[in-house]
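Me: I would like to go through a protein model with you. Could we take it one topic at a time?

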Amino acid sequence: MQSQYKKEETELSSWQQGQILLFNKPEGWSSFQLVKKVKKTIHAKVGHAGTLDPLATGLLILATGKKTKEIDTIQGMPKEYTGTFIIGATTSSFDLETPVTQQWEVGHIT
């Protein structure tokens, strides 16, 4: 039993020393929700390098413990965004969180 406790203590120490974690953030989760879940799981300081909209999916970089000091450096690195958009439709929220309220013909656009 004592050796298992020491193992858990060592793992916790590793989180506090600092780790960089890469997550494929699921649609519907906010960046804050993911940080909160990780923080609750590992019981250590957690920060994130950027924020993704709840409707967005993709890489969310988290840092734990002392590695949170590297977040500014990570945020300064080159990024690439991809996405899909719909031409000729609008919603009351200007995103897909609400239903399409108006549509226009777009066949004349080349």
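**Salt bridge, sheet, loops and pocket**

Reply: In this predicted model, the side chains of Lys67 and Glu70 meet in a salt bridge, at 3.5 Å from N to O.

Me: How many salt bridges does a search of the whole structure find?

Reply: The search of the whole structure finds 1 salt bridge.

Me: And Lys67 and Glu70, how exposed are they?

Reply: Lys67 has a relative accessible area of 28%, so it is partly exposed. Glu70 is at 35% relative accessibility and therefore also counts as partly exposed. The range for this class lies between under 20% for buried and over 50% for exposed.

Me: Let us change topic. What is the strand order in the open sheet?

Reply: The open sheet has 3 strands in the order E1-E3-E2, and their pairing is antiparallel. E1 (20-25) and E2 are the edge strands, each of which pairs on one side only. From one strand to the next, the twist averages 35 degrees.

Me: What holds strands of a sheet together in general?

Reply: Strands of a sheet pair through backbone hydrogen bonds, in a parallel or an antiparallel manner.

Me: How many bridges join E1 to E3?

Reply: E1 and E3 run antiparallel and are joined by 6 bridges.

Me: Now the backbone angles. What is phi of His43?

Reply: Phi of His43 is near 55 degrees, which is a positive value in a residue other than glycine. Most residues other than glycine have a negative phi. His43 lies in the loop between helix H2 (31-42) and strand E2 (46-48). His43 counts as exposed because its relative accessibility is 59%, and the cut-off for exposed is over 50%.

Me: What about Phe94?

Reply: Phe94 also has a positive phi, near 65 degrees. Its place is in the loop between E4 and strand E5 (100-103). With 72% relative accessibility, Phe94 counts as exposed.

Me: One last topic: how much space lies in the largest pocket?

Reply: The largest pocket holds about 980 Å³ of space. It is lined by 32 residues, and those closest to its centre are Leu52, Ala56, Thr57, Tyr81 and Thr82.

Me: Which elements give two or more residues to that lining?

Reply: These elements are strand E3 (58-64), helix H3 (71-75) and strand E4 (89-91). E3 provides the largest share, 4 residues.

Me: And which classes of residue make up the lining?

Reply: The lining of the largest pocket has 17 nonpolar, 10 polar and 5 charged residues.

Conventions:
Residues numbered from 1 in each chain as written. Predicted model: local features only at pLDDT ≥ 70, side-chain atom pairs only at ≥ 80, totals over all residues. Heavy atoms only, no water. 1 Å grid on protein atoms, 1.4 Å probe; cavity = no way out; pocket = protein on both sides within 12 Å on 5 of 7 lines; lining within 4 Å. Points joined across faces, edges and corners; volume = space filled by probe spheres on them. Nonpolar A, V, L, I, M, F, W, Y, C, P; charged D, E, K, R; others polar. Buried < 20%, exposed > 50% of the residue type's maximum accessible area, 1.4 Å probe, protein only. Salt bridge = Lys/Arg side-chain N within 4 Å of Asp/Glu carboxyl O. Pairing = 2+ DSSP bridges. Axes fitted to C-alpha atoms, helices over the stretch in contact; angles between N-to-C directions.
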